[in-house]
Structure formats: structure tokens, C-alpha cells
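User: Hey, could you walk me through this model? I'd like to start with the strands and then jump around a bit.

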Amino acid sequence: MDQSEYIREMASRRGVPIIRELSHEKLAEVTRRVNPKTILEIGTAVGYSGIIMLSSCDASLITVEHDDYKVEEAKENFKKLDYEKRATCILDDCNVFVSNMVAGGEYDNYFDLIFLDGPKAQYIKMLDGLIMLTKHGGTILVDNVLFRGFVRGDKTDMPKRYRTIVKRLEMFLDKVETHPDIKSFKLYELEDGMLEITVK
Ligand SMILES: C[S@@+](CC[C@H](N)C(=O)[O-])C[C@H]1O[C@@H](n2cnc3c(N)ncnc32)[C@H](O)[C@@H]1O
């Protein structure tokens, strides 16, 4: 087992949510295709998806997470794989962080690739800001957009606790479909659903 597989194994044993297997492959494929120089990730967990992206290109990564113990672990994991110089881990609430980045202005049109994998119910709130931070023609890849098949799917057996997340993800997809600053989007119906957005 190599280091990254070990990190995945340890995370899943402890119930730390990380990207699923096919989505992992899609993330690596999109990263190789976009060949970014700058990446922003929302939702670090312990750095597993960050490692996938860093091992698929030469970019530098800024990744934000609100759980301090995960940030510390992600830093150690980046170090173990010699990625510490290319990875900046930020401990913050992603909404606050994105709002501050937008307000500061220095990261406008800055990122070639954004991987959105944080709080699902907040995607819609962050969308406009993330588009501003993405370069023209850049990519935003979003995980879990179909949320267990309930988003735009059969809700007969949906637990009540998922209502808000599912409703907001549906609103998020509606917004993507009509957003004036989005050039195109593609939905990958694999696992929990991934959406690739290309910004104008
Ligand atoms: C699905 S996990 C990320 C998995 C990671 N991208 C991977 O595949 O290795 C989502 C992460 O977002 C974090 N998160 C949830 N709400 C957040 C918030 N408001 N601000 C920052 N991080 C948040 C969670 O703690 C969790 O670690």
C-alpha cells in the first residue's frame, strides 16, 4: 500500500469523509486535462483529494477546512508526500474565507481549478464568489451534487434530515444552469454526482 492509499484507508476507518473511488479518478482526470497552475479546494478533510490533485499536475494548492484537527492532519499528510511547499492549508469557515478573498480583490480571476467539496448546503451561497475567483475559461469541479440520488430524484424514502441539503443542491443546479458567467457545465452521474463547470 502506498502513502496515499494508506491515508485513504486511515481516513475511511475513522469515518472521515473523503472522495469516493470513481470520483477520485474523475478528479485526477479533470486535473490532468485542466493542467492548472493554481488550485483552490473547499473542504480539505485530511488532504486526500488535495494529494490527488497535486500528484496530477504541478500546481500550488490553497485548501480550506474548518476542523482544526483535520487541518493539522492534512498538513502532516502533505509533508509525508513532499507536497508541503505546494500546499497551503487554511483553518477557516469556507464561506468567510471565500467572502474575504472576493472582498480583498487580489484573487480575482486567479484559480485555474476550484474543487468544491465542503458543506453541500452552502454551495449555492459560495457560487458567485467562486466564479469571481476562477480564471476566465477556468474550471470548478463540484462533488456530491446528486446527494445519494435524492437531488432531482425520487424522494419517497428520503430521510427528513436531508431535506435542506437536497433542496439547496437543487437550487444550486438551477442557478448553475442559468448563470450568466458560466459558459458550460457537465454532470457526471457517477457515485454521488460530480459537476464540471467551465467559467466564461
Ligand atoms: C467531503 S469532506 C472533504 C473531503 C476531501 N475533499 C477529500 O476528498 O479528501 C468535506 C469537508 O468539509 C469540511 N467543512 C464542512 N463545513 C465547512 C465549513 N463551513 N468551512 C470549512 N470546511 C467545512 C468538513 O469538515 C469536511 O472535512
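User: Which residue stands opposite Thr38 in β2?

Analyst: Ser60 does. The chain gets from β1 to β2 through α3, and that β-α-β crossover is right-handed. Right-handed here means that, with the strands pointing away from the viewer, the path from the first strand over the helix to the second runs clockwise.

User: Before we go on, what kind of model is this?

Analyst: This is a predicted model, where local features need pLDDT of at least 70, side-chain atom pairs count only at pLDDT 80 or more, and totals for chains, interfaces and linings use all residues. Residues are numbered from 1 along each chain as its sequence is written.

User: Ok. What else does β1 pair with?

Analyst: Strand β4 (residues 111-116), in the parallel sense over four bridges. Ile39 stands opposite Leu113 there.

User: And is β1 mostly covered or uncovered?

Analyst: Mostly covered, with four of its five residues buried. A residue is buried if 20 or more other C-beta atoms lie within 10 Å of its own, exposed if 12 or fewer, and partly exposed in between, with C-beta atoms placed from the backbone.

User: How does β3 pair with β2?

Analyst: In the parallel sense, over five bridges. Thr63 stands opposite Cys89 in β3, and β2, α4 and β3 make a right-handed β-α-β unit.

User: Switching to the ligand. Which residues are closest?

Analyst: Ile19, Gly43, Tyr48, Ser49 and His66 are the closest of the 17 residues that surround the ligand. A residue is near a molecule if its C-beta atom, placed from the backbone, lies within 6 Å of it. The elements giving two or more residues to that shell are α3 (48-54) and β2 (60-65).

User: How does the shell divide up by residue type?

Analyst: Eight nonpolar, four polar and five charged. Ala, Val, Leu, Ile, Met, Phe, Trp, Tyr, Cys and Pro count as nonpolar, Asp, Glu, Lys and Arg as charged, and the others, Gly among them, as polar.

User: What about the largest nonpolar core, which residues touch the most other members?

Analyst: Ile114, Leu130 and Val142, out of 57 residues. Helix α6 (residues 123-133) gives the most to this core, with six residues. By nonpolar core I mean a set of buried Ala, Val, Leu, Ile, Met, Phe, Trp, Tyr and Cys residues joined through C-beta atoms within 7 Å.

User: Who does Val142 touch, leaving out residues up to four places away in sequence?

Analyst: Leu116, Tyr123, Met194, Leu195 and Ile197. Contact means C-beta atoms, placed from the backbone, within 7 Å.

User: Why does Asn35 count as exposed?

Analyst: Because Asn35 has 12 C-beta neighbours inside 10 Å.

User: And what's the phi of Asp82?

Analyst: Positive too, about 65°, and Asp82 is not a glycine. Asp82 lies in the loop between α4 (68-80) and β3 (87-91), and counts as exposed because it has 10 C-beta neighbours inside 10 Å.

Notes. Contact = placed C-beta atoms within 7 Å. Pairing = 2+ DSSP bridges.
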